Amino acid sequence: MCGIAGILTREGREIPQRSLQAMAQRVAHRGPDAVGYHTDPAAGIHLAHRRLSVVDLSDAGAQPMISTSGRYTVVLNGEIYNFRDLRSELDALSAPSWRGASDTEVLLAACDAWGVDGALTRLDGMFAFALWDNARRCLTLARDRMGEKPLFVATCTDGLLFASDLRAITAYEGFDAQPDDEVLDLFLGLSYIPEPRTPFANVWKVPPGSYAQARPGDHSVRTTRYWDAVENVLAARRSSQGASAVELLGAIERRLITVVSNQMVADVPLGAFLSGGIDSSLIVALMQRVSAKPVRTFTIGFNDEAYDEAPFARQIADHLGTDHTEVRLDWSDALDLIARLPEIYDEPFGDSSQLPTCLVAQVARRSVTVALSGDGGDEIFGGYNRHTFARRYHRLLSSVPASARRALGGALQGVAETDLFKRVTRRLLGSGSRKGLRLPAEKLNKLVSALRCSDARALYLSLVRRDEGLIEDGILARAFAPTFSAIEQHGLDLAEEMMLLDTATYLPGDILTKVDRAAMAVALETRAPFLDHKLFALSWALPVTTRIENGQGKSVLRRLLARHVPPTLFERPKMGFGVPIDAWMRGPLKAWIADQCHSFAAKHPQHGERTLDALNRFLSGHGHLHHYLWNIAMYESWHKHNSCRGIVKSELDAKK
């Protein structure tokens, strides 16, 4: 894992060397081990690389790296997991003169042998790279299929900027940030900024499964998709016709073992996150199966039983025989981290599970440089509540008229607002922060919104949005419209449509952003075996009824895990990786959240009345507005952080 940055300008144009160095310094946390530059003013290309040494720790793995042919120069962030297989294939073709044992050198040789398109289709990995073709005078900016590694691109007067982090873009002295006004609404509604957008209109992200190409002096960028999730699904369905579920389950298990084995290749200490849930437990079980020694596993526990998964993880670790590290923390550890979130995440990000994610990354980094995780299991194998709900709701849509559904929704909303419902819920579930009123009431509120939906698009947005309807529906719908259109024309099951929507939007925008930024803040490389594209195809070859059985998601992963761990150790209600953010905002964070909201309202007059009304309603105990208010606080924190750096201005300042 590394950090990359650079600029493509017109041929013969000099750029301030200090600007390239400043960009590299802004991604130093991603690669603390070494720094390298490649500048060719005559060609207009300037590359910078910060190295986190993981595979081939020698100087032969240093970057920027030039191919043996001299044609290509690359800076790579990420890992090519099948580089050994590709190297053998290349040896059979032409026996290249290898200088080292790095995956970067294999990538360059693959481009020499098969071209950029041919190389990309052969890569198994997580990556973002900038590849300069000296023969064609062309820059390629490529990103992995699922979007594990970020790649920002921006335009400025000097040319085209690119980097692993937004902060590196803004470090270039010729960059002038142009705020994207609509992005604020999208963020407040979703807790993240949907790709490829960013807070700035002149900065975007290379979409997952795509590469962008540009030439010196030309600001126009041509983007090409080399992998498409929907097309992959349809191809998997066609190729698997006639295969039984038993055969496909066997293929899934074999592929997962191969992927885990490949992702355990590292020349530095390696371990895994272990929450005790199905996804991480299966990854650890397979790691332990292929490992000659106990796998190092890491868990954090909190002194709050309602949020503490550490005992479950400990049971799994004991059963599998891992070398387990458990660190118990107080909520003060998470609260102390809040002030650092704008620096860690570098763009507005409001998923509050960012806090425990940052903490577990810090714990793991004390012992290892690489950690495998269970990320992607929910999206690929149907693990979210909305996936199982969609299976039931599909029948409701076809059998109950819209008017009747709306009436039922109104009745349920009335029930949720009564003191009787609150008293009964507390008696049944207890008064703890997680087992008490919030969770059932929040779920009931989601159900009310879902019952009022007229189609699948509206249903999905009602289940994923975090703003309680305070943001205009059309803004969110327009952002998702291209993805909706690409998915819904193929006659998939409603649950499958939601899984694909999650894979295309929520996974890269929220989950992978959360993990990448948290881990990279401490120079920890994370790897996610479930995101292997061949495993993705195998999972989609199965009918949805095999992945979601009897109202229970991730049936495939449950079956596989049961071969290694007794079901009694993992069959329990899904907890998630959360914190009692609503209780904090009414308790130790009350003054801070109020200050953030008032400051935000003053800077954004169009949101002012709505923000302060939501704050007052929340503090008086009404509604489920903690996610929306947390988003406001996170945006305001990010804005203040970047205002101090002179990057952004408030709307009022901009009008002066």
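Which residue in strand 11 does L141 stand opposite? L141 stands opposite A212, and the two strands concerned are described below.

## Basis of the model

This is a predicted model, in which local features need pLDDT of at least 70 and side-chain atom pairs count only at pLDDT 80 or more, while totals for chains, interfaces and linings use all residues. Residues are numbered from 1 along each chain as its sequence is written, and side-chain values use heavy atoms, with hydrogens and water left out.

## The chain overall

The chain has 28 helices and 17 strands, taken as DSSP runs (H or I of at least four residues for helices, E of at least two for strands) and numbered from the N terminus. Of its 656 residues, 59% are buried, that is, under 20% relative accessible area with a 1.4 Å probe, counting protein chains only.

Six strands form an open sheet in the order 4-5-6-7-11-12 with antiparallel pairing, where two strands pair if DSSP finds at least two bridges between them. Strand 4 (65-66) and strand 12 (222-225) stand at the edges with a single partner strand each, so one side of each lacks a neighbour in the sheet. Within the sheet, strand 7 (residues 138-143) and strand 11 (residues 210-214) run antiparallel and are joined by four bridges.

## The loop residue S53

S53 lies in the loop between strand 3 (45-51) and strand 4, and it counts as buried because its relative accessibility is 13%. Its side chain is joined to that of R51 by a polar contact of 3.3 Å, a term for a pair of N or O atoms within 3.5 Å, of which, within protein, one must be able to donate a hydrogen and the other to accept it, residues adjacent in sequence counting only if both atoms are side-chain atoms.

Methods. Buried means under 20% relative accessible area, exposed over 50%, partly exposed in between (1.4 Å probe, protein chains only).
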